[in-house]
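The sequence and model are shown below.

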Amino acid sequence: MTRLLIQFAHPALEKSRVHRRLLTMTRSLDFVTINDLYENYPDFDIDVEREQRLLLEHEYIILQHPFYWYSSPAIVKQWEDLVLEHGWAYGREGVALAGKKMMNVITTGGRQEVYQENGFNRFTVRQFLAPFDQTANLCKMTYLPPFVIHGTHRMTEDDIRNYVKRYQQFLELLAAGQLDLDAVKNIENLNDLIPHNQLL
């Protein structure tokens with residue numbers, strides 16, 4: 001099976017209802033490596049060689065985090081700045097990540113309708129994630145649409161369980177190589193591939 005690397009970043013995991021449950025589920029999947037950035041680097045002193053080695057060992061790089069100020073928690077930016085070096089990840093000689101796939105898995109407190117061009121936040125989630133898209137492009141990776149869990153503040157326990165199952169099925173789809181990259185590149189959210197009423 002294809003190996004998946006989850007670059008997990010949550011600075012207050014003990015307060016999270018959704019990410020804690022997602023993380024517990026993914027720990028049971030033998031094709032997933034979880035790299036908890038805040039746990040491994042509480043002082044932000046990132047081990048660049050270790051991180052680059054992890055990237056080389058996996059086909060999918062999944063940035064999983066809450067949607068902080070229309071982006072990611074700070075350590076993700078620190079990770080990008082230090083690990084994605086010129087001459088290694090990008091530039092004329094920087095081809096180490098060429099052909100790999102990258103995406104974001106995020107949670108938002110706001111409902112989906114507020115992330116529309118005519119909504120309260122004025123932009124879609126995909127538009128807000130454009131810097132990640134371009135980062136992947138610069139590193140010669142394929143950027144996939146995000147897996148987005150909206151409205152986490154109002155979720156019931158049943159809602160959370162449903163999303164945990166959907167996320168597990170999505171990861172299994174990636175690992176089995178059953179995702180048609182050309183077919184999904186223009187959709188808004190990859191979680192739409194597994195609707196609520198089609199859980200296995």
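E51 is buried, with a relative accessibility of 0%, where buried denotes under 20% relative accessible area, exposed over 50%, and partly exposed the range in between (1.4 Å probe, protein chains only). The side chain of E51 forms a salt bridge with that of R50, at 2.7 Å from N to O; a salt bridge is defined as a side-chain nitrogen of Lys or Arg within 4 Å of a carboxyl oxygen of Asp or Glu. R50 is partly exposed, at 27% relative accessible area.

The model is predicted, so local features require pLDDT of at least 70 and side-chain atom pairs pLDDT 80 or more, while totals for chains, interfaces and linings use all residues. Residues are numbered from 1 along each chain as its sequence is written, and side-chain values use heavy atoms, without hydrogens and water.

Six salt bridges are found in the whole structure.

| Pair | N to O distance |
|---|---|
| R50 and E51 | 2.7 Å |
| R21 and E157 | 2.8 Å |
| K77 and D81 | 2.8 Å |

The side chains of R21 and E157 meet in a salt bridge. Because R21 belongs to helix α1 (residues 18-26) and E157 to helix α7 (residues 157-175), this pair ties together parts 136 residues apart in sequence; helices are DSSP runs (H or I, at least four residues), numbered from the N terminus. R21 is partly exposed at 28% relative accessibility, as is E157 at 38%. R17, R21 and E157 are linked in a network of salt bridges.

K77 and D81 both lie in helix α4 (residues 74-83), four residues apart, or about one turn of the helix. D81 is partly exposed at 47% relative accessible area, and K77 is partly exposed at 46%.

Terms used. Helices (H or I, at least four residues) and strands (E, at least two) are DSSP runs, numbered from the N terminus.
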